[in-house]
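Dear colleague,

I am passing on the structure below, followed by notes on what was found in it. Please read the cut-offs along with the values.

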Amino acid sequence: MKHLSVICMAFVLLCSTAFVLTAESADDAFFWDDSAFFTDSGFDDFGFDTGDDAFFWDDSVFFGEGESDDFGFADITFGEDDVLFSAGDDDWFGDDSGIEVFDESAVTSAEAAASAAAVFNAGSIKIGGSFSSSVSSSMVLYADNDDSFGKRFENATITPALSGTVSIDARPTDSLRMYMKMALSYPFVSTGIVPMGTSITLTPANPMNPLAPQTLLSPLSVTISNFFSIKEMFTDFSVKDRAFFRFGLHTVSWGTGYFFSPVSDIINTSSIDPQNTSEQVNGSLNLRTQVIFPGSQNCLWLYAIPSVGKLEDSALAGKADIVIGGCELSTGMYWKYKSAPKAMLTVSASVFKNVSVFGEAVYEYGAASEWNANDSFKDKTSIFKATAGFSYYWKEPKIMMAGQYFYDGNNKDDLLNIQGIRIPSLTYGHNAAFMVSFGEIPFLDKVTASIFAMANFGRDDIPSAALNMLGTLGIPDSFLSSATVTLNMNYSPTDNISFGAGTVLTWKDYDSKPEVSAKLSATLGGGKF
């Protein structure tokens, strides 16, 4: 068993190589299927309708249109949907979510090849990115306490936000690509306190000699640098135009969920922020192999996820995508030595022209705490996670609606456990999220509006002190409350300036009255380049 990870990893690589060397060459040199890149799918990776255009569902997607997002909506609560360089590289080059459903007669191979050559030429280097700059202020208007208005005004907060990404996409040949995406964020340096009793693991000078976790005997002041980070850095290459490889740090888009995605969380190292769904989650370094099946839209994805240090800490994963009519199914597994094996299933479909549905299910054999205590396969708990959602898009008027339910059955693993204070999983139990965005308001030119709501039922109450500490760790506010509702309006007098005003209702728990806050914001310049 101890050497099973080595054997399995070698087996995966051997099978991929054997398949490649015996395969026939496909017609395309880089894109495994022209129709997978130039598609009239009817819905995108999240199950959202993409319109009627075969390639660009909206001219503003590629060339930009002021402060509007991919659906033509002004940016309100959820930020800007960065398409080319900021929402994950896989938006343009095929992701792990599988092959979109399309009409093969919509685009011919000749048309697709010509369009591909026009957008991405062999030997080209493309540089792009995004820039976001804004400032927001929040003040509590009502809370179930005796604070006066003056006290609440003193506690009002202001938050400047400045961030940007730079992407470099190099294609020396038709079958080789190198990509890197760098991110910067203000404040470039921030400080915080790690409480006494926290278990931490220090980075050793020699990665081959990992250090054991240490428990802090006193609070520790830490400095976090946000000045520079690598979001993605990988290379794409192919063999005989039948198997395609990606090695490096990249986001793995396994899931179909919009607000929640337990399937995406299997490999990626961060989760979706429900209030900022366009923000790219953090991936992991891995070797991805894509094997295609000629004459079909089905394919197989294989992953080897190496660790730094012991080989037994590496992981293996695989996923198969199957398209049946207008429905796409994906099933896969994840395995790591002395860790919980996981199995997953996703489905996405377009049930009407503008209505899409999606779902995910994850099975885990044992919680992380159980495997840490005992690495045998005996006496483990079966853990289930499942989610289902829908989206509805009206092109005229510009209205986008999405809702999702998520059940998290893992109550064995604590988010943190400090000095006996147990901080449970923030999503344990039943969760729900809903949003509706209005891109146009009758009789109010250049005004947009949005509503966002999220609630959790089932998890244990989190102590106030723990909530304050979690807030300093950058955990989204929507996860720290039992329920939250945000109503927001946005006015854009010009393409480069927009102002927002909204009301936020927050329930810390369902036994107390909601806290009511007012929020003002301004977006100043920024965009994609």
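Two strands are said to pair if DSSP finds at least two bridges between them, and helices (H or I, at least four residues) and strands (E, at least two) are DSSP runs, numbered from the N terminus. This is a predicted model, in which local features need pLDDT of at least 70 and side-chain atom pairs count only at pLDDT 80 or more, while totals for chains, interfaces and linings use all residues. Residues are numbered from 1 along each chain as its sequence is written, and side-chain values use heavy atoms, with hydrogens and water left out.

The secondary structure of the protein chain comes to nine helices and 25 strands. Among these, S13 (residues 327-336) pairs with S14 (residues 342-350) in the antiparallel sense over eight bridges, and the two form a hairpin with five residues between them, where Lys-338 in the turn has a positive phi of about 60°. S14 is also joined by nine bridges to S15 (residues 355-365), again in an antiparallel run, and this hairpin has four residues between its strands. Ser-348 in S14 stands opposite Glu-328 and also opposite Phe-358 in S15.

Elsewhere, Phe-131 lies in strand S1 (residues 124-142) and counts as partly exposed because its relative accessibility is 43%, the class between buried (under 20% relative accessible area) and exposed (over 50%), with a 1.4 Å probe and protein chains only. Of the 529 residues of the protein chain, 45% count as buried.

Best regards
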